[in-house]
Amino acid sequence: MSARHAGGTRAYALQGITLAVRPGEQLALIGPSGAGKTTLLATLSVGHAPDGGRFEAFGLDPWRLSDRERHKLRARLFLAPQTPPLPPRQRVVTAVLAARLPQWSLWQALASLVRPAEPEAAWRALSRFNLGDKLYARVDRLSGGERQRCGLARLLLSSAQALLVDEPLSALDPALSQLTLTTLQQEAAARNAALVCSLHQVDLALAHFPRIVALKEGRIVFDLPRDQVTQAMIDDLYLNEQPPANTPHPVDLPAKLAVGACL
Ligand SMILES: Nc1ncnc2c1ncn2[C@@H]1O[C@H](COP(=O)(O)OP(=O)(O)OP(=O)(O)O)[C@@H](O)[C@H]1O
């Protein structure tokens with residue numbers, strides 16, 4: 001399977017990806033910035049159409065389904081983006097309960113905007129991420145890490161069977177990082193859901209996940225059980241990710257940059 005983005009150069013963001021994830025399986029996606037982790041998660045969650053090859057979710061090709069059927073299929077997958085799209089003026093309780101929308105009738109959904117339908121369920125989900133005290137806080141008053149966990153609490157309230165999580169720890173301290181990964185893994189195990197989690201923290205990926213998939217420049221570099229991943233493989237994956245020893249002098253700038261052309 002391959003994928004590219006509409007804008008920019010139309011270069012492939014993913015190329016020749018072969019990946020099968022079984023129910024209940026837990027894997028970490030690692031790789032340098034720009035490797036294609038977010039694009040892969042968006043493709044797996046049926047948010048981004050592949051540009052070639054074959055892709056199936058739960059045995060169905062989502063892009064051959066009707067809009068209605070594809071919508072139904074999407075409810076079986078939950079993508080937790082790195083920055084959750086939470087309406088700023090909403091209360092946390094309402095934002096978290098939005099995960100229930102696919103399970104509610106229109107009237108239940110509208111009524112819940114006025115009076116939250118299941119505040120206890122939202123509180124339980126938030127508490128698992130140590131955020132129960134923010135139940136009635138406004139979303140735009142949360143810190144970055146609190147927003148991130150609020151987005152993950154939504155995942156707990158969904159009924160998805162595939163949990164796709166993009167860099168859940170980017171705004172969290174070490175203790176909360178451990179709690180967050182443990183909670184996600186317990187939840188996935190409890191519902192026998194697949195868990196695919198992109199991480200920049202290679203040590204945590206290796207400590208928590210039995211299968212490690214490494215991406216670089218849109219391709220899978222390795223897909224191995226963690227005990228077969230060596231330090232040399234990791235070093236190689238992140239090779240060239242260090243800042244250059246000599247920052248280019250302004251006179252070396254390409255002509256386009258020098259005149260500020262950005263179109
Ligand atoms: N909306 C977009 N339009 C055009 N190109 C994009 C878009 N989103 C991502 N890309 C490009 O696709 C490639 C893969 O990006 P992607 O965000 O999937 O990488 P990533 O591994 O998640 O990176 P990071 O770790 O920095 O989040 C990059 O070259 C990026 O510049």
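The entries below go from ground rules to one strand, its core and a few loop residues.

**Ground rules.** I am working with a predicted model, where local features need pLDDT of at least 70, side-chain atom pairs count only at pLDDT 80 or more, and totals for chains, interfaces and linings use all residues. Residues are numbered from 1 along each chain as its sequence is written.

**Strand β5.** Helices (H or I, at least four residues) and strands (E, at least two) are DSSP runs, numbered from the N terminus. I asked myself: is β5 enclosed or open? Five of its five residues are buried, so β5 is largely enclosed by the rest of the structure. Buried means that 20 or more other C-beta atoms lie within 10 Å of a residue's own; exposed means 12 or fewer, partly exposed is in between, and the C-beta atoms are placed from the backbone. Next I checked directions: A162, L164 and D166 point one way, while L163 and V165 point the other way.

Strands pair if DSSP finds at least two bridges between them. β5 pairs with β4 (residues 77–80) in the parallel sense over four bridges, and L77 has A162 as its bridge partner. β6 (residues 194–198) also runs parallel to β5, joined by five bridges. Here A162 stands opposite A194. To get from β5 to β6 the chain goes through α7, and this β-α-β crossover is right-handed, that is, clockwise from the first strand over the helix to the second when the strands point away from the viewer.

**The core.** I looked up the largest nonpolar core and found 61 residues, with L163 and L164 among those having the most contacts inside it. Such a core is a set of buried Ala, Val, Leu, Ile, Met, Phe, Trp, Tyr and Cys residues joined through C-beta atoms within 7 Å. For L164, leaving out neighbours within four places in sequence, I noted contacts (C-beta atoms, placed from the backbone, within 7 Å) including L41, F78 and V196.

Most residues other than glycine have a negative phi. Which way does the phi of E167 go, positive or negative? It is positive, near 40°. E167 sits in the loop between β5 (162–166) and α7 (174–190), and is buried, with 20 other C-beta atoms within 10 Å. N130 is not a glycine either and has a positive phi of about 65°. N130 is partly exposed.

Conventions:
Contact = placed C-beta atoms within 7 Å.
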